[in-house]
Amino acid sequence: MTIKLQTLASGSSGNSILIEVNGTKILLDAGLNYKELTKRLAMCNTIPGQIHTLFTTHRHSDHLNDRCVSLLTTNHRCEWYHCEFSDQNFFPLPEGGWVKSIPADHDVECVSLLISDGTNKIALITDTGTIPCESLPFLTGLSGLVLECNHELELLINGKDPDSLKLRINETHLSNTQAHDLLQIIKWEGLQFVIGHHMSTRNNSSRLVEHSIKSAVGSGVEVVVAEQDSVSKMLVVF
Ligand SMILES: [Zn+2]
């Protein structure tokens with residue numbers, strides 16, 4: 001039973017995560033153009049035809065590039081689930097394991113995702129202004145977490161964005177402090193890694209994200225900050 005994970009891109013210009021669950025390759029979000037996605041996949045020794053299923057969290061273009069999704073599903077017969085929170089939100093994977101969506105709090109319908117190999121469980125939490133109370137029970141016992149750390153609130157408040165945009169960002173994306181507070185609630189001895197995700201280039205920095213996460217989880221947990229323009233190292237849970 002294994003889960004392998006690499007972020008392919010992270011931030012407001014495009015998001016995608018490659019995960020292998022018991023040998024089945026899946027993508028979480030496809031917010032890159034097809035050529036760029038293919039290039040990033042190649043850096044992970046993967047070709048688009050190997051992607052079994054694509055799960056998308058919501059319909060913003062930095063998570064769902066229509067043309068890219070169309071090519072994946074028509075040229076490569078990749079299955080595609082645009083996840084919505086409902087009673088039918090549980091997706092078994094062919095070699096065991098599953099993907100499940102849980103509620104998020106964004107300005108369009110959006111979900112967070114749980115991924116399991118049958119034994120271990122990881123989560124993707126992105127594009128959410130808060131952690132909905134009904135999601136919290138699902139976030140116990142995680143082996144790994146990809147967690148939005150969008151902005152440092154002080155940098156957002158004092159930045160050059162128009163006030164309306166500042167308000168929207170604050171209401172629809174998690175800050176470093178919110179990520180820190182969630183980690184303090186859900187951390188446990190089985191947590192192996194946390195990836196800081198969807199970091200703003202204007203209102204945040206890798207150093208601040210890393211500090212927020214590390215100050216919550218301590219030294220025994222691997223911390224990675226996902227970047228817009230590069231593929232992350234591979235994290236493995238087994
Ligand atoms: Zn979004």
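I began with the metal and took as donors the N, O and S atoms within 2.8 Å of it (3.2 Å for Na, K and Ca), and since water is not among the atoms, sites may look incomplete. The model is a predicted one, in which local features need pLDDT of at least 70 and side-chain atom pairs count only at pLDDT 80 or more, while totals for chains, interfaces and linings use all residues. Residues are numbered from 1 along each chain as its sequence is written, and side-chain values use heavy atoms, with hydrogens and water left out.

**Entry: the zinc site**

I looked up the ligands of the zinc ion and found His58 (NE2), His60 (ND1), His106 (NE2) and Asp127 (OD), at 2.2 to 2.3 Å. Along the chain these donors follow the spacing H-x1-H-x45-H-x20-D.

What geometry do the 4 donor atoms of the zinc ion give? The angles among them run from 90 to 172°, and the site is irregular. The scheme I used calls four donors tetrahedral if all angles lie between 85 and 135 degrees; four count as square planar and six as octahedral if opposite donors are over 155 degrees apart and all others between 65 and 115, and anything else is irregular.

I then checked burial, where buried means under 20% relative accessible area, exposed over 50% and partly exposed in between (1.4 Å probe, protein chains only). His106 has 13% relative accessibility and therefore counts as buried, and Asp127 is buried with a relative accessible area of 1%.

**Entry: pocket and cavity**

I searched on a 1 Å grid over the protein atoms alone, where a cavity is a set of points where a 1.4 Å probe fits but cannot get out, and a pocket is an open set with protein on both sides within 12 Å along at least five of seven lines; lining residues have an atom within 4 Å of a point. Grid points are joined across faces, edges and corners, and a volume is the space filled by probe spheres set on the points.

The largest pocket came out at about 240 Å³. Its lining holds 15 residues, of which Ser12, Asn150, Ile169, His173 and His198 lie nearest the centre. By class I recorded 2 nonpolar, 9 polar and 4 charged residues in that lining, with Ala, Val, Leu, Ile, Met, Phe, Trp, Tyr, Cys and Pro counted as nonpolar, Asp, Glu, Lys and Arg as charged, and the others, Gly among them, as polar.

How many cavities of 30 Å³ or more does the whole structure have? The search finds 1, and I noted a volume of about 40 Å³ for the largest cavity. Among the residues that line the largest cavity are Ile102, Pro103, Ile125, Thr128 and Leu139, and the lining divides into 7 nonpolar, 3 polar and no charged residues.

**Entry: single residues**

Thr7 lies in strand E1 (residues 3-9) and is buried, with a relative accessible area of 0%. Not counting residues up to four places away in sequence, Thr7 touches Ser16, Ile17, Ile195, Ala226, Ser230, Val231 and Ser232, contact meaning heavy atoms within 4.5 Å.

Asp29, with phi near 70°, is in the loop between strand E3 (24-28) and helix H1 (34-43) and counts as buried at 2% relative accessibility. Asn45, with phi near 55°, is in the loop between H1 and strand E4 (51-56) and is exposed, at a relative accessible area of 71%.

Thr46 also has its place in the loop between H1 and E4, but Thr46 is buried, with a relative accessible area of 3%. Leaving aside neighbours within four places in sequence, I found Thr46 in contact with Leu18, Lys25, Leu41 and Ile51; the C-alpha atoms of Thr46 and Lys25 are separated by 8.9 Å, at 21 residues apart along the chain.

Pro94 lies in the loop between strand E6 (90-92) and E7 and counts as partly exposed at 45% relative accessibility.

Methods
Helix = DSSP H or I, 4+ residues; strand = E, 2+ residues; numbered from the N terminus.
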